[in-house]
Amino acid sequence: MSTDQSHRTVVIGAGLGGLCCGALLARDGVPVTIVEQHFKPGGYATSFKRADGRFVFEISLHGTAMNGGAVARTLDRLGVLDRIELVQLPEVYRLKTPDLDIRVPQRDPEGYVGVLAEHFPDEEDGIRGFVRLMVDVAEDADRFLRLRGELDMRRFPVEFPKLWAIRDKTLAGLLEQYVAEPSLREALAGLWSYCGLPPSRLSGFYYANLVGVYLKNGSFYIKPRSQALSEALAQVVEEAGGQIRDKSVAERILVADGAVTGVRLSDGEVLPASAVVSNASAITTFTELLPEGALPAEYQERIASLRPSISTFVVWLGLNKELRGEVDGYSTHVTTGAGPEAEYEASLRGDYERVGFSVTVYDNAFEGYSQPGTSTVMLFCQSGWEPWKGFEADYFAGDRSAYEAECERWSESLIRRAEEQV
């Protein structure tokens with residue numbers, strides 16, 4: 001590895017994107033420093049303890065399809081797959097609506113067709129066609145990634161006709177081509193909330209690729225928590241000579257004569273760099289980290305036109321009772337019956353009694369997930385920004401009482417609904 005730190009690459013943020021980027025660069029001999037404001041790497045792939053360590057909560061992960069495809073190839077190239085343990089989950093997911101209670105089987109697309117066809121026998125051909133499309137899209141997208149830029153893009157419509165055919169289709173538009181029953185369309189769109197948009201506004205390609213990968217590769221959990229993946233990636237970075245600076249806040253990307261020269265940290269330290277990779281959001285990167293005038297005016301206008309995507313409200317629940325084997329399903333998605341469009345609008349306005357939600361019983365992943373006599377559960381639903389906007393000023397002024405009271409109301413609602421329906 002070069003010791004000339006003026007040619008260092010600084011990566012801002014040690015989430016999985018920053019860690020993978022840093023690991024790949026370090027393994028290729030590029031001097032790398034990753035700066036992370038948290039005290040440990042991983043971003044959403046981390047865990048935290050409560051009740052004197054009695055409970056260890058997963059920040060985000062429910063399941064991953066990383067046992068195959070492009071992610072697996074990248075991690076294998078880095079030597080990370082051999083350092084982590086993947087546990088296959090009981091099912092891809094469970095879907096519970098007012099009319100249905102189904103489980104999507106692992107690595108069995110035709111089995112999934114059979115599950116739905118039991119409830120909608122007249123639409124079996126359409127179900128099979130849509131499920132086949134999702135798997136084909138996932139396989140074609142993976143084949144495209146394997147080409148690694150070798151394809152003449154003028155031939156894309158010929159080489160990838162299925163991807164080309166749905167390039168401008170919404171999920172709702174795709175479903176209309178295959179099935180007619182609204183409740184069946186809702187079932188086939190069962191993971192829409194993971195994508196942050198309802199079927200009428202969600203890319204059909206994006207959804208088909210996501211679900212197709214899970215149907216093909218299955219859903220797995222990282223044992224004992226996703227933190228193991230983050231730590232393995234961090235080890236690769238450091239073993240290759242790179243650095244990870246935790247509890248370090250990037251304050252400004254420095255630019256001179258149209259090129260980056262380094263990153264200034266909040267304590268005033270400057271890290272010289274010939275390249276900077278930001279794993280922060282586009283808004284943060286382009287409006288807060290870069291100096292004014294660093295971007296072309298038309299690009300600044302484009303960034304300013306973006307609006308925040310929807311977020312989620314999460315309840316991490318530690319129970320003094322063992323649920324393993326007592327509650328069906330690992331990750332259960334519960335709908336209200338009003339349909340995805342209505343649930344999405346309810347989440348935007350903060351109507352938490354009318355949103356769909358998810359219940360993940362982590363102890364059904366593997367025995368010993370929680371300490372004896374306890375269980376670890378995650379409840380979550382979508383949430384827009386507007387319901388919380390009114391708490392912002394007081395929150396950052398140090399008065400969090402109203403915000404915490406609202407959190408308590410949302411939490412009690414999700415807990416009650418989970419008890420009643422799951």
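## Helix packing, cores and loop residues in a predicted model

The axes of helix 4 and helix 7 cross at roughly 140° and come within 8 Å of each other, an arrangement that makes helix 4 oblique to helix 7, because only angles over 145 degrees would count as roughly antiparallel. The model discussed here is a predicted one. On the side of helix 4 the contact involves G126, G129, F130 and L133, and these residues meet L171, L174, L175 and Y178 of helix 7. By residue class, the contact of helix 4 with helix 7 divides into six nonpolar and two polar residues, with no charged ones.

Helix 4 also packs against helix 2 (residues 69-77), with an angle of about 35° and with the axes 9 Å apart. Here G69, A70 and R73 of helix 2 meet D142, L145 and R146 of helix 4. The residues of this contact of helix 2 with helix 4 divide into two nonpolar, one polar and three charged.

Another helix pair is formed by helix 1 (residues 16-27) and helix 10 (residues 227-239), which pack at an angle of about 25° with their axes 8 Å apart. That angle makes helix 1 roughly parallel to helix 10, since angles under 35 degrees count as roughly parallel. The crossing of helix 1 and helix 10 is left-handed. Helix 1 contributes L16, L19, C20, G22, A23, A26 and R27 to the contact, while helix 10 contributes L229, S230, L233, A234, V236 and V237. These residues of the contact of helix 1 with helix 10 divide into ten nonpolar, two polar and one charged.

| Helix pair | Angle between axes | Axis separation |
|---|---|---|
| helix 4 and helix 7 | roughly 140° | within 8 Å |
| helix 2 and helix 4 | about 35° | 9 Å |
| helix 1 and helix 10 | about 25° | 8 Å |

### Nonpolar cores

The largest nonpolar core holds 42 residues, of which L188 and Y207 touch the most other members. At least two residues of this core are supplied by each of strand 6 (93-96), strand 7 (101-104), helix 3 (109-119), helix 4 (124-147), helix 7 (171-178), helix 8 (182-188) and helix 9 (204-217). The largest share, seven residues, comes from helix 4. When residues up to four places away in sequence are not counted, Y207 touches M134, L171, L188, A189, G190, L191, W192, C195 and L202. Among these contacts of Y207 is L171, which also takes part in the contact between helix 4 and helix 7.

Which residues of helix 3 are buried? They are G111, Y112, V113, L116 and A117, and what covers them includes strand 6, strand 7, helix 4, helix 8 and helix 9.

### Loops and backbone geometry

In the loop between strand 7 and helix 3 lies R107, whose phi is near 45°, a positive value in a residue other than glycine. With a relative accessible area of 46%, R107 is partly exposed. A positive phi in a residue other than glycine is also found for K247, where the value is near 50°; K247 belongs to the loop between strand 9 (243-245) and strand 10 (250-256), and its relative accessible area of 63% makes it exposed. The peptide bond from K223 to P224 is cis, with omega near 5°, and P224 is placed in the loop between strand 8 (220-223) and helix 10.

Not counting residues up to four places away in sequence, Y352 touches E406, R409, W410, S413 and R417.

By contrast, P308 is exposed, with a relative accessible area of 63%, and is placed in the loop between helix 12 (297-305) and strand 14 (311-319). P308 and G384 are 76 residues apart in sequence, and their C-alpha atoms are 8.9 Å apart in space.

Conventions
Residues are numbered from 1 along each chain as its sequence is written. This is a predicted model: local features need pLDDT of at least 70, side-chain atom pairs count only at pLDDT 80 or more; totals for chains, interfaces and linings use all residues. Side-chain values use heavy atoms; hydrogens and water are left out. Axes are lines fitted to C-alpha atoms, for helices over the stretch in contact, and angles run from 0 to 180 degrees between N-to-C directions. Helices (H or I, at least four residues) and strands (E, at least two) are DSSP runs, numbered from the N terminus. Angles under 35 degrees count as roughly parallel, over 145 as roughly antiparallel, 65 to 115 as roughly perpendicular and the rest as oblique. A crossing is left-handed if the near helix is turned anticlockwise from the far one by less than a right angle, and right-handed if clockwise. Contact means heavy atoms within 4.5 Å. Ala, Val, Leu, Ile, Met, Phe, Trp, Tyr, Cys and Pro count as nonpolar, Asp, Glu, Lys and Arg as charged, and the others, Gly among them, as polar. A nonpolar core is a set of buried Ala, Val, Leu, Ile, Met, Phe, Trp, Tyr and Cys residues joined through side-chain atoms within 4.5 Å. Buried means under 20% relative accessible area, exposed over 50%, partly exposed in between (1.4 Å probe, protein chains only).
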